[in-house]
Amino acid sequence: MALSHLSSTRSNRLLRPLAAAASSLCRPISTSTEPLVIETSIPFTPHKCEPPSRSVETNPQELLTFFRDMATMRRMEIAADSLYKAKLIRGFCHLYDGQEAVCVGMEASINKKDCIITAYRDHCTFLGRGGTLLEIFSELMGRQGGCSKGKGGSMHFYKKESGFYGGHGIVGAQVPLGCGLAFAQKYNKDENVTFALYGDGAANQGQLFEALNISALWDLPIILVCENNHYGMGTAEWRAAKSPSYYKRGDYVPGLKVDGMDVLAVKQACKFAKEHVLKNGPIILEMDTYRYHGHSMSDPGSTYRTRDEISGVRQERDPIERVRKLVLGHDLATEKELKDIEKEIRKEVDEAIAKAKVSPMPEPSELFTNVYVKGFGTEVFHS
Amino acid sequence: MWGIVGQRACRHGSSAMSLQVTRPVIHALRSFSTAAKEMTVRDALNSAIDEEMSADPKVFLMGEEVGEYQGAYKITKGLLEKYGPDRVLDTPITEAGFTGIGVGAAYHGLKPIVEFMTFNFSMQAIDHIINSAAKSNYMSAGQISVPIVFRGPNGAAAGVGAQHSQCYAPWFASCPGLKVLAPYSSEDARGLMKAAIRDPDPVVFLENELLYGESFPVSAEVLDSSFCLPIGKAKIEREGKDVTITAFSKMVGYALKAAEILSKEGISAEVINLRSIRPLDRATINNSVRKTNRLVTVEEGFPQHGIGAEICASVVEDSFEYLDAAIERIAGADVPMPYAANLERLAVPQVEDIVRAAKRTCYRSSSLAATA
């Protein structure tokens, strides 16, 4: 029977197949924009607000884009791991694999005039804002073709024209900066918002509350997004926070707890948040997510958590697997087609790395450029 | 004697390289000095900020008490009424938070003026000044520029004790990516404030509380709304040929008084008003020392790693053969500022200290260690 392979991949009673599929064996990948409504894994947990609906509107094209984008990010981070071990990437390297659904879901609900600012775990966020694999790998390897011309490094990616303001190394600093971006958007009367991302570790920073207080007083269109991966470097959230309900920490500021491994839930929450802040001032989103790697490449990530915990999350909650199941369950593509996409991505990533590896380092004269704007130049001490 | 070098800077920033027109030095004439208008430093700052806010809608002001209170030191008087609460913002007492917000607004293209009630409180926000503002243009290879001004009173006031009296010039001036200005007169205050606001880079603007009420003559040119001084250029306040005295902010006044006393004793001192701590006008300082062969540096702050230390190094590196005497550094005492009036007086440089140091460089007295 033509639909027999469908029933074998259907794993969740909430997934409903598209009606009357034609012969699925020689059908191309669906790029249809026919609306599809899918329920999030779990309901949203609100704090001082009405939560959005669990039913998320999407379409086949969007789901496949989610798959492709997240798979690209996953492949990129794993490749960065190898490059770091090969000593082609130096210094700090903080990897985002496991957390892909957060930046991908966010992008689906906003535009490039909305701003995103995050901390140092920024490779995938930058890619989501329109960065290319080549400029990422070039920057990581300190080449002049990098997005910061090799002068920033892993923690300092920026793309101002697409509303990405970095890339910040000091924990927590990005939150007041993000509130400043929102201030400017309001000052200019744009109908745009800013998402300031931070981790469960940064959530305890005083400057966050200072900036939140001002943002609430001045009604700034700022969305604070706590990417709660449950560990601040090696310290578990219960050892660092008296109250790990980060979505409630705003007190008078409303909040929402979201399953950060479910890209559709993230999309719904960000859409809801954007509408909310344009009318009512700040909101906090807590994304319940997980990082497979340690805090950075210097951290094995297994001295403060068990390997069982890590593999458990990978099996039960992996964001890419979740979308794979959705795509297959709704017969939007075959397993082989998805595997082909992954092969294609692997090739793209390998090509970008190969190209970056042979690209030149910055000219020595670049040491003294960009200290100031307007070519004032830097004072050259006697060399 | 006032020599005024006013330079019409171009619209964007005041880099010496982009000057269109250079005016020659005008020596004060008797008719000039009687006709000159006087202006306090306070009014000079207020009018400069007012004019720049009027000219550019992206400029806005934030800080504690800048709005309804009219400014803790009345520098921002009248601005809330004129520009409204969208552009003149009273902040809570949360320096780290509001400084970060200011820097973020600058990232997006606005031009904030962030006031610290005194620079002692800037330490609460120093991460944003250094790591978020100063370094961003470099780390982003030019993508993220930060056209922000951090301003407020710096250094010792009167009787305010150890936590409210520190000079932060050396700390900020050591950081590449920042520009650090220190006005003395009303002309300095107007010209440098305008330059700072127009400048596309982060500028730390170090005022002095005790100078706010002092009046200085200002020419019609200084009063013009397009008046601007170049950043990175020192001013020779008084020409001389025997010894160079460098100073900034309030100490310029002390140095000029010292020069007056020295002239009666036959020593002609050249007083340089630094105006710009970063970039430091090494050319003017070195040219002066090559002429006089002797140098006294004066500052109010702590001596170790201070501004004088940098000037000494620069002169030793550039003009060693021209020195006829060891360089003298006059600085505040190497102690936290005491409260008792007599101890406070001992902790900051006095005119006599500058005179003694200048004489030492001229071999007029035995060499004494320059202690408080």
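The following legends describe close-up views of a predicted model.

**Figure 1. The contact between chain A and chain B.** In this predicted model, 45 residues of chain A are in contact with 54 residues of chain B. About 4200 Å² of area is buried between chain A and chain B, and carbon and sulfur atoms give 64% of that area. Between the two chains, 16 residue pairs are in polar contact, both residues being at pLDDT 80 or more, while the count of salt bridges between chain A and chain B is zero.

**Figure 2. The side of chain A that touches chain B.** Helices α6 (174-187) and α7 (206-217) of chain A each supply at least two residues of the side that touches chain B. The most is given by α6(A), with nine residues. Sorted by class, this side of chain A has 23 nonpolar, twelve polar and ten charged residues.

**Figure 3. The crossing of helices α11 and α12 in chain B.** Two packed helices are described by the angle between their axes and the distance between the axes. Here, helix α11 (residues 282-292) and helix α12 (residues 307-319) of chain B have axes that come within 10 Å and cross at roughly 65°. The crossing of α11(B) and α12(B) is right-handed. On α11(B), the contact is made by B:Arg282, B:Ile285, B:Asn286, B:Val289 and B:Arg290. On α12(B), the residues that make the contact are B:Glu310, B:Ile311, B:Ser314, B:Val315, B:Asp318 and B:Ser319. Together, the residues of this contact divide into four nonpolar, three polar and four charged.

Figure 4. B:Arg278 and B:Pro279 are joined by a cis peptide bond, with omega about 0°. B:Pro279 lies in the loop between β16 (276-278) and α11 of chain B.

Figure 5. A:Gly167 lies in the loop that runs between α5 (133-140) and α6 of chain A. A:Lys149 is likewise found in the loop between α5 and α6 of chain A. The phi of A:Lys149 is near 55°, a positive value in a residue other than glycine.

**Figure 6. A salt bridge within chain A.** Side chains of opposite charge can pair when their charged atoms come close. Over all chains, a search of the whole structure finds 46 salt bridges. In one salt bridge, the side chains of A:Asp318 and A:Arg74 meet at 3.0 Å, N to O. A:Asp318 lies in the loop between α10 (307-317) and α11 (319-329) of chain A, and A:Arg74 lies in helix α2 (residues 60-85) of chain A, so the pair ties together parts that are 244 residues apart in sequence.

Conventions
Residues numbered from 1 in each chain as written. Chains lettered and ligands numbered in written order. Predicted model: local features only at pLDDT ≥ 70, side-chain atom pairs only at ≥ 80, totals over all residues. Heavy atoms only, no water. Axes fitted to C-alpha atoms, helices over the stretch in contact; angles between N-to-C directions. Helix = DSSP H or I, 4+ residues; strand = E, 2+ residues; numbered from the N terminus. Left-handed = near helix turned anticlockwise from the far one by under 90°. Contact = heavy atoms within 4.5 Å. Nonpolar A, V, L, I, M, F, W, Y, C, P; charged D, E, K, R; others polar. Buried area = accessible area lost by both parts, 1.4 Å probe. Salt bridge = Lys/Arg side-chain N within 4 Å of Asp/Glu carboxyl O. Polar contact = N/O pair within 3.5 Å; in protein donor to acceptor, adjacent residues only side chain to side chain.
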